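Here is a short walk through one structure. Follow the charged side chains as you read.

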Amino acid sequence: MEIIKKATDLRIRLQKVREGKATIGFVPTMGALHEGHVSLLRKSNQVCDLSVCSIFINPTQFNNADDLKKYPVTIEQDIYTLEKNRCDILFLPGVNDIYPGGTELQERFDLGYLETILEGEFRPGHFQGVCQVVKRLLGIVDPTYLFLGQKDYQQCMVLKKLLQLLHSDIRTVICPTQRETNGLAMSSRNQRLTEQQKNEATALYKTLLWIKENIRKGSLARIKEEAGKNLLLHNCKPDYVEIALADNLEMINEWNGSNKLVALVAAEVYGVRLIDNMLLDD
Ligand code: AMP
């Protein structure tokens, strides 16, 4: 695996790849890699001639300074994981490579409704930060395919919207959420929890599963309320438990029994904020 730290070096390297007509798969990450990230890389290796992963903890998407400070860093282990899973190029930029003009917000993206709900509501500015970094990374890598995890359902929608705004023809591939055997969605932030706390955090997954099994046509008020109570019983303090149309994340309180739905949850578990979601018609 080649490790490239400078944006200009990566541009030159990938220009040669494109001239040879090879397809480029891109997996952007913030490191502290786990099986969820690896599943994206595997998919990229299946679909593309060459896979590029990036590791960059993007300061502009953290609305909470403490969260940024505590974000796990395991770079040696990450390099080993990527090598073992046949990553061709690791892009490991510094903040100055991505933000040569500084990290002050330089551009606003019109994300509309998507930015006002769920993570957008609870993490103001988060998606603007995500778009800042992804636009810059895509400008450097210019991949054929962008690999994203369904774990961050709203982020997938935001990034599809970003690609539209950029009139980009980069294709997105959304990969299913990878879970621990107990159902907990894999997340770099899980590293901040003890085994016991991680067990309690399975309440997010179990609550989503419970919604999926118990949802009925008609009012959804009761099921959302019960789900919220259940999370609290397991030391998970919910920011939200919502049910929305899977296609556009329009939040609904009444279900006609046929629209495709997704349930989404965010909760703080022993000081660590976790998110998860589940399609309700799988
Ligand atoms: P992150 O490093 O958390 O920014 O995530 C980088 C990419 O990995 C994003 O596209 C995430 O949605 C994806 N990802 C994170 N966790 C998982 C998971 N458990 N399963 C599948 N994809 C994931």
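Buried means under 20% relative accessible area, exposed means over 50%, and partly exposed lies in between (1.4 Å probe, protein chains only). This is a predicted model: local features need pLDDT of at least 70, side-chain atom pairs count only at pLDDT 80 or more, and totals for chains, interfaces and linings use all residues. Residues are numbered from 1 along each chain as its sequence is written, and side-chain values use heavy atoms, with hydrogens and water left out.

Side chains of opposite charge can pair when their charged atoms come close. A salt bridge here is a side-chain nitrogen of Lys or Arg within 4 Å of a carboxyl oxygen of Asp or Glu. The structure holds 18 of them.

Start with Arg273 and Glu119. Their closest N and O atoms are 2.8 Å apart in a salt bridge. This pair links distant parts of the chain, 154 residues apart: Arg273 sits in strand S11 (residues 272–279), Glu119 in helix H6 (residues 118–122). Helices (H or I, at least four residues) and strands (E, at least two) are DSSP runs, numbered from the N terminus. Glu119 is buried, at 6% relative accessible area. Arg273 is partly exposed, at 23%.

Now take a pair within one helix. Arg222 and Glu226 form a salt bridge, 3.5 Å from N to O. They are about one helical turn apart, because four residues separate them in helix H10 (residues 221–233). Arg222 is exposed, at 60%, while Glu226 is partly exposed, at 28%.

Salt bridges with shared partners also join Asp67, Arg123, Arg189 and Arg192 into one network. Asp67 lies in helix H3 (residues 65–69). Asp67 is buried, at 14%.
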